[in-house]
Amino acid sequence: MTTVGLLMDGIVAALAFQNLLAILIGVTIGLSISVLPGVGPAAGVAILLPLIVGFEPTVAMAAMAGIYYGGMYGGAVTAILLGIPGDSPSVMTVLDGHPMAKQGRAGAALGMNVFASFVGGLVGLILLTALAYQVARAALAFGPPEMTALMLLALSLVSVLGGRNALKGYTALAIGLWLGMIGLDPMAGRPRYTFDQVRLLEGLSFPIIAVGLFGLGQMFAALDTKLTKGEFRAKYSLGSMFPTWAEIVKCRLELLRGALIGFFVGILPGAGATAATMIAYATAKRFAKNPEEFGHGAIQGVAAPEAANNSASYAAMIPLLTLGIPGSATTAVMMGGLMMVGLQPGPLLFRDHPDFIWTLFGTFYIGNLVLVVLTTLMVPVLASIIYISRAVLFPLVIGVVAFGVYSINYALFDVWIALLFGALGYIMLKLDYPAVPAVLGVVLGPMLERGIRRTLIASQGDLSVFLERPIALVLFIGTAAVILGPIVVRLVRWSRGATETKPAQ
Amino acid sequence: MGLTNLDRLFALFLMGFGIYILSVGIQYGYFRDGIPGPGFFPFWTGLAMAILSAINLINSIVGKESYADSLDREQVIPIVGVCAVLAAYLLIVPYLGMLLPVPLFVLGVAFTIQRRWDRGLTLKILASAALLPIGCYLVFGRFLDVTLIRGPFGF
């Protein structure tokens, strides 16, 4: 059957009641969470993880993906209306979206946000559908050396690109790798770092770590930020939120370029939607006829980043689903969720569970459409959620989190662990240790260790086995470039600085 | 406490912890019969953590990495308070069950986050304190069929 035929079957299967309900719940949670500063989609998915354990895989994934994409759509609403970005990919939308609202064009900005998100999402989805299967088929040829090299490349990219300080990124990765080692050694069966706790023999459950680091940690950090009600009240009506034909024509190139930039940046582990929006905005301004309008209410300044961040979120699915390598916080948490419901992301997923894949893609297409309607209708609600008192909201969310974590293993011990990781997540956030490498370390660490040890056992300890296969060799060179590149650049700058100051002296 | 000091303390802690991971890893067995043992991966992870944290510490001491902000009491109290209320809730659960102490938990967290409540906020908080245990019972106890810890009154 052709890709189009498989996709059509997937869309039909995705229309099942439970899938539609999961999409609806997921996107509603995603939209609601996206407007709370500091609490991003990763936290939303993490909080939902304990609840989805008993769900059917497609339903679970549709709900998690709904939160992810809902977050991408909704973050811009408060960015436009209040000048407060709900999440980091919406920061660029503030630059032109909020001035538009101040000029009395809030409806046009919101309409373009939804339209650009839809177009970006659609372009991302079409490319995802077209490329994912091909990537998975190529990846089937990967053996342990190639997968080991690929994981190392992904982990190093995420550590370097994921935060302000690459050294702290690598340190966070080491923390995650250690957390992944707790429990019985996967090959020799010896307990490691269990501190004589029987409960730790099976290791730490991934959702507990994710809920702690992302869910509780981000909520603690959100308690730091103070919101004051602004004087400015944007005016808009439902009718004003439909972009005119002239606006669409005016933004056509920004939409397309933004979507394509978003996709190809979003595919890279660690780069993510935020980087995609920045590049898309800068490119739109660079090629604009009137670049001076950017920053003062140019509608193209809303179109480009919004198309990019939605496209990027679908692109992030390619490494996750085809290679089993998540490139961002949200996809890392989603990978944990997939493993919890009994599926191992990677090339074999496409071969062994094609029905799941195509139904999942079907839910993505439906979700993209549902989000257009829901975002448009929920704008007034979303704009007011941000002002719900935290004294009301946080006890409810933390209470549900505590019950959810308990329900994974029916153990209060797990809630204690989540609380501990919440505190750790908060400290890491304050000190610029990115949590994403840590979470990726927990997910990929055990797989990386197995890959390295199996390969070395097969080669009887000969390390050159990693360099004998061309794909692995290229990937290792890439990893070395990512790790050593910044050091070499710094050394070159330092030596130039030294030679320039000598003649002056 | 200044964030710079906290950064140094955290780096120092991680450096020590990295050395601990490394040394325990060696005890697990680095290489056995020419193949990597259970301590192989911990050894390298611990070594990396110790070295990276040492560099982070040095960067902070020589001023390459510094923070202008500090963690003031106003920032820290709500976070420590929320953690303390959750910890107290977890300590009470074995005696009172999971549902009964939930209203106290809600009131405790709400009070920690915001001390002054006007009439409207008080009503909202009281309503959520009353509804959360019911909601949790319906979602977790009934819908997801989770065996919740019961208190002296059977719920």
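Asp185(A) and Arg192(A) are both buried (buried, under 20% relative accessible area; exposed, over 50%; partly exposed, in between; 1.4 Å probe, protein chains only). The model is predicted: local features need pLDDT of at least 70, side-chain atom pairs count only at pLDDT 80 or more, and totals for chains, interfaces and linings use all residues. Residues are numbered from 1 along each chain as its sequence is written, chains are lettered from A and ligands numbered from 1 in the order written, and side-chain values use heavy atoms, with hydrogens and water left out.

Asp185(A) and Arg192(A) form a salt bridge, their closest N and O atoms lying 3.8 Å apart (salt bridge, a side-chain nitrogen of Lys or Arg within 4 Å of a carboxyl oxygen of Asp or Glu). Arg192(A) also forms a salt bridge with Glu449(A), at 2.8 Å between the closest N and O atoms. This pair links distant parts of the chain. Glu449(A) sits in helix α20 and Arg192(A) in strand β2 (residues 191–192), 257 residues apart (helices, DSSP runs of H or I with at least four residues; strands, runs of E with at least two; both numbered from the N terminus). Glu449(A), like Arg192(A), is buried.

Arg351(A) and Asp352(A) form another salt bridge, with the closest N and O atoms 3.1 Å apart. Arg351(A) is exposed, at 55% relative accessible area. Asp352(A) is partly exposed, at 43%. Shared partners join Asp185(A), Arg192(A), Glu449(A) and Arg453(A) into one network of salt bridges. The count over all chains is seven salt bridges.

His98(A) belongs to helix α5 (residues 91–102) of chain A. Its relative accessible area is 13%, so His98(A) is buried. The His98(A) side chain reaches the backbone oxygen of Ile80(A) at 2.9 Å.

The largest pocket holds about 1,700 Å³ of space. Of its 45 lining residues, the closest to the centre are Tyr170(A), Leu173(A), Ile483(A), Ala48(B) and Leu52(B) (pocket, on a 1 Å grid over the protein atoms alone, an open set of points where a 1.4 Å probe fits, with protein on both sides within 12 Å along at least five of seven lines; lining residues have an atom within 4 Å of a point). Elements giving two or more residues to this lining include α8 (166–181) of chain A and α2 (40–61) of chain B. α22(A) gives the most, with 11 residues.

Val492(A) is placed in helix α22 (residues 470–504) of chain A. Val492(A) is partly exposed, with a relative accessible area of 36%.

Definitions and conventions
A polar contact is a pair of N or O atoms within 3.5 Å; within protein, one must be able to donate a hydrogen and the other to accept it, and residues adjacent in sequence count only if both atoms are side-chain atoms. Grid points are joined across faces, edges and corners, and a volume is the space filled by probe spheres set on the points.
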